[in-house]
Amino acid sequence: LATITIKGPLVNMDHPMLRLFGMTGYPEIRDALVAAVNDPEVKEILLDIDSGGGQVAGCDDTGNLIRAVHKVKPVTTYSDTMASAAYWLGCSAGKVYSNKSALVGSIGVIATFKEYSKQNEMEGVTVSIIRAGKYKALADPNEPLSKAAEAQIQAMVDAAYGVFIDHVVAMRGRSYEYTDKTMADGQEFIGQAAVDVGLTDGITTYDA
């Protein structure tokens, strides 16, 4: 049994210092999957997940690789916490389990925007923004967020959310509408509640 540990925030980078800061990189997960599937002594793979999620970039590729590996060697997920991008990865396994107090779900996408125009003004800093292209970097932190910029950000998170839902639909075998309204929409579930809506396959313990 090869155990792949997925802990903390998920990021799309590969750096030896990630573990020191409690993070896991998608490239690290993919490398471990490839090593496990190519090791003749490995018969099954366990994803040990305890993560509240992370970056969108790199997540879909990693989830797709998990499912591809599962077609060669069985991949099972066990989780203490499996939210957002962590669930994207976890649901890609053949079977998905958690303990009875695990938080599961939070299927959604979030983007935050901070702007510093008032701070710049207080510090006597004048920032001039010159664009070529109507939609180029509309959400610039040096100017107030316009309606067009807000719409641009919203369109991006909506698109990413759609990709997320499509992946869960393919992995868990439910309709898009059911997945969107019952399993997703940012909702979070504890233990058995996640089983009841179809996010996980059962309650167990890590040792079991």
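Phenylalanine 21 sits in the loop between strand S2 (10–11) and strand S3 (24–25). In this predicted model, phenylalanine 21 is exposed, with a relative accessible area of 59%. That value counts as exposed because the cut-off is over 50%. Phe21 belongs to a nonpolar surface patch with Met17 and Leu20. Together the three residues have about 350 Å² of accessible area.

Strand S4 (residues 45–51) runs parallel to strand S5 (residues 75–83), and seven bridges join them. Aspartate 50 stands opposite threonine 81 in S5. From S4 the chain passes through helix H2 (residues 59–70) to reach S5. This β-α-β crossover is right-handed.

S5 also pairs with strand S6 (residues 95–105). These two strands run parallel and are joined by seven bridges. Threonine 81 has leucine 103 as its bridge partner in S6. The β-α-β unit made of S5, helix H3 (residues 85–90) and S6 is right-handed.

**Aromatic pairs**

How many aromatic pairs does a search of the whole structure find? There are two.

| Pair | Centre to centre | Angle between planes | Geometry |
|---|---|---|---|
| Tyrosine 78 and tyrosine 206 | 5.8 Å | 65 degrees | edge-to-face |
| Tryptophan 88 and phenylalanine 164 | 4.5 Å | 20 degrees | stacked |

The tyrosine pair links distant parts of the chain, 128 residues apart. Tyrosine 78 lies in strand S5, and tyrosine 206 in the segment after strand S8 (202–203). Tyrosine 206 counts as partly exposed at 41%.

Why is the pair of tryptophan 88 and phenylalanine 164 stacked? The ring planes stand at 20 degrees, and planes under 30 degrees apart count as stacked. This pair, too, links distant parts of the chain. Tryptophan 88 is in helix H3 and phenylalanine 164 in helix H5 (residues 147–172), 76 residues apart. Both residues are buried.

**Glutamate 177**

Glutamate 177 is placed in helix H6 (residues 176–183). Its relative accessible area is 63%, so glutamate 177 is exposed. The C-alpha atoms of glutamate 177 and isoleucine 165 are separated by 9.4 Å. Along the chain, these residues are 12 apart.

How values were computed: Residues numbered from 1 in each chain as written. Predicted model: local features only at pLDDT ≥ 70, side-chain atom pairs only at ≥ 80, totals over all residues. Heavy atoms only, no water. Helix = DSSP H or I, 4+ residues; strand = E, 2+ residues; numbered from the N terminus. Buried < 20%, exposed > 50% of the residue type's maximum accessible area, 1.4 Å probe, protein only. Patch = residues over 30% accessible without salt bridge, like charges linked within 9 Å, V, L, I, M, F, W, Y side chains within 5 Å. Areas by Shrake-Rupley, 256 points an atom, 1.4 Å probe, with all protein chains shown as cover. Salt bridge = Lys/Arg side-chain N within 4 Å of Asp/Glu carboxyl O. Pairing = 2+ DSSP bridges. Right-handed = clockwise from strand over helix to strand, strands pointing away. Phe/Tyr/Trp six-rings, centres within 6.5 Å; stacked < 30°, edge-to-face > 60°.
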